[in-house]
Amino acid sequence: MITEQDIDKLANLARIALTPEEKQKFQKDLESILGYISELKDAPLSTEEPAAGDYYLTNVLRADDQAFSAGEQTDKILAEAPKADKNFFVVKQILNNE
Amino acid sequence: MKEIDLKNLTIAKAHEAIMRGDFSARDLTQAYLDKIAIDNSKLNAYLEVFADALDQADEVDRRIKSGELTGPLAGISIAIKDNILIEGRICSSASKMLADYHATYDASTIKKLKKEGVIFLGRTNMDEFAMGGSTENSAYGPTCNPHDPTRVSGGSSGGSAAVVGGDLALCALGSDTGGSIRQPSSFCGAVGLKPTYGAVSRYGVMAMASSLDQIGPIAKTIDDAELLFKTIRGADGYDSTCVDEPVPPALPAKFKVGVPYGFLGEGVTAEVRQNFDQTIELLKSKGHEIVSIEMPNLHYSLSCYYILMFAESSTNMSRFDGVRYGLHQDGKDMIEDYFLSRGAGLGKEVKRRIMLGTYVLSAGYYDAYYGKANGLRRLIATDYKKAFEQVDVVITPTAPSVSFPIGKNTNDPLQMYLEDIFTVPVNLAGVPAISVPTGKNDQGLPFGLQITGPHWREDLIFAVGREVMH
């Protein structure tokens, strides 16, 4: 059962402001969708670990060296910022001086 | 200059005509611009037609004349899904969050296409942040099906499929995370390829679910799709999941085609099933072998896919906070800026999926949902591996139905998700799959067949596709 408090908690974690109508709709939607995907809780999973070559994905790493030269994109990137000042993105104060 | 027959045009024919001098890149571009001027307001396939399309064409014509450009894509008109970055141009993922965002670099696929001398006609409509199966979740209105404007074009690459199906471009690029190239291609009567995961670089494409996303071509013929695929693929040094394809072995003379009959359940409409069965008869008549196969874990695909996709996309969407780019709304403090910017900029389906992703990743649920889904994913990938020990390719209908009316599923998100039943297992396994048109129903709505192959065997699925496409 998805409660209104659950929706509030999720919206808070996701940093999204919801209107009361949205909260109501999402409560219903999430109930129905989670109900469906919860079917996989019953899916049997083999307990043995897969063999090394079994999974088709392996990690690819690169050498930890100079991947790019600094400063080339700065102007272009800052041009898209809602608030910028010289070479900085501008945000509200994060820490309080206590 | 005689009028260009866009309906019967292919990339190969256009290339020949341009090289012969029958028409120029500018003529071809103008022909599409003229058709766009007539049809786009009705279809809403393009969010933006690039104002400099003719300038691009003139530059390409100059480079063709000087002998600099001789490749098969020189002068070809292409449309690009609104989540693929072209430097300096607006790229919005059909969202209000990025309505004014200008790309700061070219995607690798765009770089490759620019080198070949294509002309970018415009950016195409899509479900917002690729979240949807009908392009009804766009912040800029749905895209209509060119075969019946009261119906959806499919999604999330609905605009790209509609322009190809409606002759508003010769070809297009789309993205596919759970069927977003294949399903709209099926609905619009186009060929749509989702390549092997890792075949095409995702650099410069707005990420949805990073372990599932791939970029692919939507085109009118298999030859066209193959040419585009070979152009855009390959390692680029910017996407560590992208590698060069190994050279495939020779094609068999006749194909073993696997059909997971047990998976073709009740959701499939009678006419889709009939068309599918007719396609099987067609394959048999050409001497190919149909093999009934078991893929026992496939029915968990939707749950598995949606859990993983919700989780990954909610994480990817956390970058939209109104700080470095995108819509910004002021709150009383820093954190309220996030709440308000995201609340205002993101559409309903996007918010829904972010919250679902947050749920499955949250403490207390992580193992039950996300952990379990990862385990199931491995089993589904193994189902394909085992199938391909018996057969060359696996076929199913691309979608359980033909295109549905606009508005039919918008109030029931779960119903919308269920339409993805045949396409999502492919992304989970990372294997390549193509949708090819296999006729139309009595209302003129296209059917699509999905052909899935082993990793790196796009050659196989193109070859089988050629046997059935009509």
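In chain B, residues 24 or more positions apart account for 74% of the contacts with a separation of 6 or more, two residues being in contact if their C-beta atoms, placed from the backbone, lie within 7 Å. The structure is a predicted model, in which local features need pLDDT of at least 70 and side-chain atom pairs count only at pLDDT 80 or more, while totals for chains, interfaces and linings use all residues. Residues are numbered from 1 along each chain as its sequence is written, and chains are lettered from A and ligands numbered from 1 in the order in which they are written.

The secondary structure of chain B comprises 15 helices and 13 strands; helices (H or I, at least four residues) and strands (E, at least two) are DSSP runs, numbered from the N terminus. A compact globule of 470 residues would have a radius of gyration near 23 Å, and the 21 Å of chain B agrees with this. That radius is taken over C-alpha atoms, and the globule rule is 2.2 Å times the number of residues to the power 0.38. Along the principal axes, the C-alpha atoms of chain B fill a box of roughly 70 × 65 × 45 Å. Of the 470 residues of chain B, 60% count as buried. Here a residue is buried if 20 or more other C-beta atoms lie within 10 Å of its own, exposed if 12 or fewer, and partly exposed in between, with C-beta atoms placed from the backbone.

The contact between the chains comes next. It takes 35 residues from chain A and 43 residues from chain B. On the side of chain A that touches chain B, the elements giving two or more residues are helix 1 (4-13), helix 2 (20-37) and helix 3 (74-79) of chain A. Helix 2 of chain A provides the largest share of that side, seven residues. By class, the side of chain A that touches chain B has 25 nonpolar, two polar and eight charged residues. In this scheme Ala, Val, Leu, Ile, Met, Phe, Trp, Tyr, Cys and Pro count as nonpolar, Asp, Glu, Lys and Arg as charged, and the others, Gly among them, as polar.

The axes of helix 9 (residues 301-316) and helix 12 (residues 367-390) of chain B come within 9 Å and cross at roughly 125 degrees. Axes are lines fitted to C-alpha atoms, for helices over the stretch in contact, and angles run from 0 to 180 degrees between N-to-C directions. Helix 9 and helix 12 of chain B are therefore oblique to each other; angles under 35 degrees count as roughly parallel, over 145 as roughly antiparallel, 65 to 115 as roughly perpendicular and the rest as oblique. Residues of helix 9 of chain B in this contact include C304(B), I307(B) and L308(B), and those of helix 12 of chain B include A373(B), L376(B) and I380(B). The contact of helix 9 with helix 12 of chain B has nine nonpolar, one polar and one charged residues.

I380(B), in helix 12 of chain B, has 23 C-beta neighbours inside 10 Å and so counts as buried. Leaving aside neighbours within four places in sequence, I380(B) is in contact with N297(B), L298(B), S301(B), C304(B), P425(B), L428(B) and A429(B).

With helix 11 (residues 348-361) of chain B, the axis of helix 9 of chain B comes within 7 Å and crosses at roughly 105 degrees.

Most residues other than glycine have a negative phi, and most peptide bonds are trans. R15(A), not a glycine, has a positive phi of about 55 degrees and lies in the loop between helix 1 and helix 2 of chain A. With 20 C-beta neighbours inside 10 Å, R15(A) counts as buried. W456(B) likewise is not a glycine and has a positive phi, of about 70 degrees; with 18 C-beta neighbours inside 10 Å, W456(B) counts as partly exposed. The peptide bond from G155(B) to S156(B) is cis, with omega near 5 degrees.
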